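Dear colleague,

Please find below the structure that I am handing over to you.

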Amino acid sequence: MTSSGTPSRFLKSVLQNGVGRYVCQLKRISIIFSKNGPSSLGVRDFIEDGVVDYAKKNPGTVVYVSPQVCSKPKIVAEYLNGNVREEIVASKTSSQVSEVLTLLTNQSGLDVIRIRKPFHTDNPSIQGLWHPFTNRPLVPRTDDKV
Amino acid sequence: MTVRMSAHFTAILFERTSLVDEHFPVKMALMATLRRTWRVLTSRPSVLPPAVSRSQSSVSGHLVPVTSLSRPPWPETRPVPEEEQRRQHAALTSAVNRLIEQDDFGRLFAVVHIAGRQWKVTDEDLILLESHVPAACGERLRLEKVLLVGARDFTLAGRPLLAKELVRVEATVLEKTQSWPKVHMRFWRRHRFRRKRIVVQPQTVLRINSVRLAPALA
């Protein structure tokens, strides 16, 4: 699997975010964990300590906490452009879970695939595109032909 | 607020004469210009054929025929006396100052040095840095290392940087993600050597909000 074997996209933002004000792109976060399973220990600790502070710091994001019978606890993040990302947080500590949450919050919902160019402009040329006669000295005509 | 050009960061000012007006439909303007310029360039003044020049004395004629490689392609410049040079610089500075005061320029672009690279940047464009930036998402940054600022009719080039009181480039941190998982594999055939590593790097996306010039130069 190389760059040409995997999908790629150009650098863009969702609906020109940042030109006016910045809008956090994370819409909804669902923390799915089990009440008794050992792999959900870190998630349970995080829900005791940190989830309320997280929800208060990100007022634009809705946080759902749903204990279920599951073998692997996971965090499902939904973004404003409709993309859904699932991260499995089995056997992670509480701080690691909060790091995962920060990463998901700071992402926009665009795919994490190869980005072709690290820049994007809508106005690539301001002084005019170069062509071979730019900056070439003109020699004035001496004959009478038109 | 007038800006004094310090000894360290003097700006080289020059005006640009353009052949093409960028607002016309590109194809039409390009074809018209090429046709016109081609007609002008093909009408060269007649050159004496080599035989004739050789028969004349070497004072008036040429020893070697004149070709396109007889002289360098850049125009020949004579050294200008200091007084004349100072007058030219003053005229240029006042012309550019007038354009800036009247706000006669359109969109500005800047060459900015950040994350070990130089980027040509305008308003409303996106930049991807392959590194972690300590600012939070949504915070506004000021990019300080500006090497060059240009408009449609003039350019200000720094040596190597422009003064901070002269240009202001502002950006917003849009997202702080990770790169796609890159595969770093080493393989040595017939030696049973195979190593595979997945590399994920932090990335920051910046939106350049504005490139602004100070009111006037000194």
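Predicted model: local features only at pLDDT ≥ 70, side-chain atom pairs only at ≥ 80, totals over all residues.

S91(A) lies in the loop between β5 (84-88) and α3 (94-106) of chain A; helices (H or I, at least four residues) and strands (E, at least two) are DSSP runs, numbered from the N terminus. The phi angle of S91(A) is near 55 degrees, a positive value in a residue other than glycine.

Residues are numbered from 1 along each chain as its sequence is written, chains are lettered from A and ligands numbered from 1 in the order in which they are written, and side-chain values use heavy atoms, with hydrogens and water left out.

Chain A contains three helices and seven strands, arranged along the sequence as β-β-α-α-β-β-β-α-β-β. Its C-alpha trace spans about 95 × 40 × 25 Å along the principal axes. The radius of gyration of chain A is 26 Å, whereas a compact globule of 146 residues would have one near 15 Å (taken over C-alpha atoms; the globule rule is 2.2 Å times the number of residues to the power 0.38).

I turn now to the interface. In contact (heavy atoms within 4.5 Å) are 43 residues of chain B and 42 residues of chain A. The area buried between the two chains is about 3,700 Å², with 63% given by carbon and sulfur atoms; buried area is the accessible area (1.4 Å probe) that two parts lose on being put together, summed over both. On the chain B side, L41(B), L126(B) and W180(B) lose the most area to chain A, together 17% of what that side buries.

Eleven residue pairs, both at pLDDT 80 or more, are in polar contact across the interface (N or O atoms within 3.5 Å; within protein, one must be able to donate a hydrogen and the other to accept it, and residues adjacent in sequence count only if both atoms are side-chain atoms). The largest share of the chain B side, seven residues, comes from β9(B).

Strand β7 (residues 119-120) of chain A runs antiparallel to β5(B), joined by two bridges; strands pair if DSSP finds at least two bridges between them. The bridge partner of H120(A) in β5(B) is L126(B).

Finally, R159(B) and P160(B) are joined by a cis peptide bond, with omega about -15 degrees.
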